[in-house]
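Trainee: I am new to this model and would like to learn how to read it. Could you take me through some features, one at a time?

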Amino acid sequence: MDHLRWLEREALQLDAVRLRDVQRYMGIVGADIRMPLGEPWRVGKRPYGKTTLGTTASVLKAFYLGLSDEHRSAELQQDLDQVRLPSKADRNRALLGHAKSTMPANPLAPRPSGRRHPMMLPDDGRGRLLKKVSTARDRMIVTWLYDGGFRIGEMCGLHLEDLHLRENAECAQARGAHVHICLRETNANQARAKTKHPWELVNGVVHGGLIRRVSPEMIHTYFAYMTTEYPRAAAGDHGMLLVQLTGDDRGKPLSTAGARSMFRRAGLRAGLGRVHPHQARHNFATAVLDASGGNLMIARDAGGWASSATVDEIYGHTDIHDPQFDAALRKVWSDT
């Protein structure tokens, strides 16, 4: 709809649109397009991120290729209907991938970037944050983000019944203390897990979901929060773990925006700048990968990623201060 409104502003008919016009629109909404873009569009709004640009490119290609003959531009259809050679990842992903000779290509899609380096908090960030938070609930949030690698939506969506913080719990799905991350569409704070894993209640006990181990320090901060600050009425009203502690909404579920704001304020007070809860997840993933000797499967399951390739792409980097890394460089330098 945004693109159609832009076409109306530019006085362009559908059958008159060319590839350059669509590329110009992509540049206006945030793509790296080197051409005159014309008048500004979406003034005051942030440009699209890379993922949104990729989705926009796919939608626009499907839209123009799906137009009827009356409104279709043959030239634009020919420019959009391109193919490319399949990559190794394409062949591995597809059934009978060895037989594939071409893959559809989209000239509007942004170029793939290289390996991403995660944005992490400094090594002493955890201690500095814990010194600046003022409630047991906030100390629990910081500890669980660092020790459990939770996404903020997963943590704010936890219910008390999801927590099996003891050995050999009734679900019999993990010997150690753990939690079940369950996707619920009806949470009062609209928090939800990123991925859907089947789960069910059996005799009042949660089974299934994404199972995540918890540390002794996580259990300690949980009991400190529950015994000092958690309103008793909240458990009967909604049964969610994180609640608001002050104001007219005391006892109501804490939203993801509220948890992010708390984390950001603590970071500013601690001198860390504008920080985000997801940075603690990056710290967790890197720490697990280092401790496991680079075992991608362990890091994947510990953090709940869907693919070990994601862990490898984002976190599989050599420490440039590692003694072995340093020795290899010094040997090369001495030889040359």
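Trainee: Is Asp-21 buried or exposed?

Mentor: Buried means under 20% relative accessible area, exposed means over 50%, and partly exposed lies in between, with a 1.4 Å probe and protein chains only. Asp-21 counts as buried because its relative accessibility is 14%. Asp-21 belongs to helix 2, residues 19–29. Helices are DSSP runs of H or I with at least four residues, strands are runs of E with at least two, and both are numbered from the N terminus.

Trainee: What does Asp-21 touch?

Mentor: Contact means heavy atoms within 4.5 Å. Not counting residues up to four places away in sequence, Asp-21 touches Trp-6, Leu-12 and Ala-16.

Trainee: What should I know about the source of these values?

Mentor: This is a predicted model, where local features need pLDDT of at least 70, side-chain atom pairs count only at pLDDT 80 or more, and totals for chains, interfaces and linings use all residues. Residues are numbered from 1 along each chain as its sequence is written, and side-chain values use heavy atoms, with hydrogens and water left out.

Trainee: Why does Tyr-64 count as buried?

Mentor: Tyr-64 is buried because its relative accessible area is 3%. Tyr-64 sits in helix 3, residues 50–65. Leaving aside neighbours within four places in sequence, its contacts include His-3, Leu-7, Val-17 and Val-22.

Trainee: How do I read a nonpolar core?

Mentor: In soluble globular proteins, nonpolar side chains tend to be buried together. A nonpolar core is a set of buried Ala, Val, Leu, Ile, Met, Phe, Trp, Tyr and Cys residues joined through side-chain atoms within 4.5 Å. Here the largest core has 44 residues, and Trp-144 and Phe-150 touch the most other members. Helix 7 (136–148) and strand 4 (178–181) are among the elements that each supply at least two residues. Helix 7 gives the most, with seven residues. A second, separate core of 19 residues includes Val-17, Leu-19, Val-22 and Leu-60.

Trainee: Which strands form the open sheet, and in what order?

Mentor: Two strands pair if DSSP finds at least two bridges between them. This open sheet has three strands in the order 3-4-7, with antiparallel pairing. Its edge strands are strand 3 (163–164) and strand 7 (210–213), each pairing on one side only. Strand 4 and strand 7 pair over four bridges. In one of these strands, strand 7, Leu-210 is the bridge partner of Ile-181.

Trainee: How do I describe two packed helices?

Mentor: Use the angle between their axes and the distance between the axes. Axes are lines fitted to C-alpha atoms, for helices over the stretch in contact, and angles run from 0 to 180 degrees between N-to-C directions. Helix 12 (residues 277–291) and helix 13 (residues 296–303) have axes that come within 9 Å and cross at roughly 145°. Among the residues that meet are Phe-284 and Val-288 in helix 12, with Ile-298 and Ala-299 in helix 13.

Trainee: What can phi tell me?

Mentor: Most residues other than glycine have a negative phi. Arg-42 has a positive phi, near 60°. Arg-42 is in the loop between helix 2 and helix 3. Ala-172 also has a positive phi near 60°, and lies in the loop between strand 3 and strand 4.

Trainee: Are Arg-42 and Ala-172 buried or exposed?

Mentor: Arg-42 counts as buried because its relative accessibility is 19%. Ala-172 counts as exposed, at 68% relative accessibility.
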